[in-house]
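I opened this entry to record what I looked up in the model. Notes follow in the order I took them.

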Amino acid sequence: MFMEKLVRETERLSLICSMLDTMRRADKDRNARGWTSPIGLLKITRSCAMISELATSIAKAGYRECDRATLEEILRETRQVLYSLQAHVAG
């Protein structure tokens, strides 16, 4: 159950951050919008928090269908999204 939720949330984050979706929602001058809005930033942050929570629950429960390396990679990518977001907001 945790694994299915983790996969769904990872896919959701991927869709939110996808370049094609960003380009689709760009304005006439090709400036990205949507994920850079306060609501967009909140959606990404919430999704990252959910991924972290699910991965932690999976690790604590010791699920065998997802090895430790996979969980670490998912969390590493999630942290990278948050770091990029932070740099965007600070910049």
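I started at Glu9, which lies in helix α1. I took helices (H or I, at least four residues) and strands (E, at least two) as DSSP runs, numbered from the N terminus. This is a predicted model, in which local features need pLDDT of at least 70 and side-chain atom pairs count only at pLDDT 80 or more, while totals for chains, interfaces and linings use all residues. Residues are numbered from 1 along each chain as its sequence is written, and side-chain values use heavy atoms, with hydrogens and water left out.

Is Glu9 buried or exposed? I looked up its relative accessible area: at 10%, Glu9 is buried. The cut-offs are under 20% for buried, over 50% for exposed, and partly exposed in between (1.4 Å probe, protein chains only).

Which side chain does Glu9 join in a polar contact? Ser47, at 2.7 Å. A polar contact here is a pair of N or O atoms within 3.5 Å; within protein, one must be able to donate a hydrogen and the other to accept it, and residues adjacent in sequence count only if both atoms are side-chain atoms. Ser47 is itself among the buried residues of α3.

I then listed the contacts of Glu9 (heavy atoms within 4.5 Å). Leaving aside neighbours within four places in sequence, Glu9 touches Arg46, Ser47, Met50, Ile51 and Leu54.

**Core**

I checked the largest nonpolar core next, and it has 14 residues. Such a core is a set of buried Ala, Val, Leu, Ile, Met, Phe, Trp, Tyr and Cys residues joined through side-chain atoms within 4.5 Å. Leu6, Leu13, Ile44, Ile51, Ile58 and Leu71 have the most contacts inside this core. At least two core residues come from each of α1 (2-17), α3 (38-61) and α4 (68-90). The largest share, seven residues, is from α3.

Beyond neighbours within four places in sequence, Leu6 is in contact with Ile51, Leu54, Ala55, Ile58, Leu71 and Ile74.

**Helices α3 and α4**

I tested the lengths. The expected span is 1.5 Å times one less than the number of residues. For the 24 residues of α3 that gives 34 Å, and the end C-alpha atoms are 34 Å apart, which agrees. For the 23 residues of α4 it gives 33 Å, and the ends agree at 33 Å.

Buried residues of α3 include Gly40, Leu41, Cys48 and Ile58. Their cover includes α1 and α4. Just after α3, Gly62 takes a positive phi of about 70°.

In α4 I found Leu71, Ile74, Thr78 and Leu85 buried. Their cover includes α1 and α3. Thr70 also sits in α4, but counts as partly exposed at 35% relative accessibility.

**Whole chain and confidence**

The protein chain has four helices and zero strands. Of its 91 residues, 24% count as buried. Among contacts between residues at least 6 apart in sequence, 68% join residues at least 24 apart.

Last, I looked at pLDDT, the predictor's confidence in each residue, from 0 to 100. The chain mean is 78, and 77% of residues reach 70 or more.
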